[in-house]
Amino acid sequence: SKRQKQRKVLLMGRSGAGKSSMRSIIFSNYVAKDVRRLGATVDVEHSNIRFMGNLMLNLWDCGGQDSFVESYLTNQRSHVFTSVAVLIFVFDISSREAAADLLNFASTIRALHEFSPNSRVFILIHKMDLIPADQKSRVFQQRAVEVRSTCEDEGFLEQQVDFWATSIWDQSLYRAWTQVIYFLVPNATVIERMLQKLAELLDARELVLYERTTCLVVTHITRGSEGQNPYSDRFERLSSILKTHKHSMAKHTGTLASEVSFAEMQVKTGEFMFFITRLTENTNLAVVMPSDEATFNAARVN
Ligand code: GTP
Ligand code: MG
């Protein structure tokens, strides 16, 4: 029998930072424009998400209004901060209260360090779409430096903390959450070894494994000259395309986006051939092949 692996993930940050927005987009099949109708989260919203067979994500979306945070840090302190695998902390880069945001963060990770010192922290510097293009990198770096020094003050090691610039309006959100998922998926290296073998058998240029409900990348195998592919964000772009496809299918067929599935999708060009198909109950596999009809067909059959 398969043993369920429960992993507790805290989603925190001040009210209005965008936590429930991202949760709805990643896990509940919302599109970016739908999130405007979300209200402020009251206390904690729990969701259990089955992921990759035996992994259960235990996601705590913690409402960020000061009175709730006060309670997480006092009477609910051990309940909230015990057995945490990952803290995802969201900073609104457009916030007018940057100093207060940082203080709030410091008291949060102090509590985390007290109850789950080995947890992993993902810092999302969010709403980056509101920063002009020529300032994005400077603004991001500046905030990351401040946050990193707070983490070190509270006893977290550099390798326990990751930083990502995100926005719900592009694939950067998928990129960040893909890192979180990769960290949580058990046996990622076993899966990679098997995919590597499959890629060699098929003589594929690239294999990309997607989780079916979220369309997030679990891992990928890239071979030969494909390593020089200049589109380094191609995996997240495909996540985003698959999500959009799910939505339009749902609209046309009158079903829930979460229930839409497809048998296969193909793209053929003079340079490469591509197909994506269901691999297991929880995964889809995208296969990039050289532009050759015979090997392409063999790969599909295999
Ligand atoms: P609490 O539940 O009160 O803690 O807030 P929250 O962090 O869950 O915030 P929520 O997700 O409800 O989002 C607040 C507002 O931010 C919404 O109006 C969203 O439309 C907006 N928002 C979320 N993400 C982004 C983003 O990437 N860019 C921009 N411009 N706005 C965003
Ligand atoms: Mg919320």
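This is a predicted model: local features need pLDDT of at least 70, side-chain atom pairs count only at pLDDT 80 or more; totals for chains, interfaces and linings use all residues.
1. A definition to start with: two strands count as paired if DSSP finds at least two bridges between them.

2. Let's begin with strand E7, residues 206–211. Strand E8 (residues 217–222) pairs with E7 in the antiparallel sense, over five bridges. Within this pairing, His-220 of E8 stands opposite Val-208. The two strands make a hairpin with five residues between them, and Cys-215 in the turn has a positive phi of about 60°.

3. E7 has another antiparallel partner in strand E11 (residues 283–290), joined over six bridges. Here Glu-211 has Thr-283 as its bridge partner.

4. Is E7 mostly covered or mostly open? It is mostly covered, with six of its six residues buried. Glu-206, Val-208 and Tyr-210 point one way, while Leu-207, Leu-209 and Glu-211 point the other way. In a regular strand, side chains alternate between the two faces of the sheet.

5. Now for the metal: which residues coordinate the magnesium ion (ligand 2)? They are Ser-20, through OG, and Thr-41, through OG1, at 2.0 to 2.1 Å. Ser-20 belongs to helix H1 and Thr-41 to the loop between H1 and strand E2, so the pair ties together parts that are 21 residues apart in sequence. Ser-20 is buried at 9% relative accessible area, and Thr-41 is buried too, at 8%.

6. Finally, the structure has one cavity of 30 Å³ or more, and the largest cavity holds about 50 Å³ of space. Helices H2 (66–73) and H4 (98–115) each give two or more residues to its lining. That lining has five nonpolar, five polar and no charged residues; among them are Met-12, Tyr-72 and Asn-104.

Definitions and conventions: Residues are numbered from 1 along each chain as its sequence is written. Chains are lettered from A and ligands numbered from 1 in the order in which they are written. Side-chain values use heavy atoms; hydrogens and water are left out. Donors are N, O and S atoms within 2.8 Å of the metal (3.2 Å for Na, K and Ca); water is not among the atoms, so sites may look incomplete. Helices (H or I, at least four residues) and strands (E, at least two) are DSSP runs, numbered from the N terminus. Buried means under 20% relative accessible area, exposed over 50%, partly exposed in between (1.4 Å probe, protein chains only). On a 1 Å grid over the protein atoms alone, a cavity is a set of points where a 1.4 Å probe fits but cannot get out, and a pocket is an open set with protein on both sides within 12 Å along at least five of seven lines; lining residues have an atom within 4 Å of a point. Grid points are joined across faces, edges and corners, and a volume is the space filled by probe spheres set on the points. Ala, Val, Leu, Ile, Met, Phe, Trp, Tyr, Cys and Pro count as nonpolar, Asp, Glu, Lys and Arg as charged, and the others, Gly among them, as polar.
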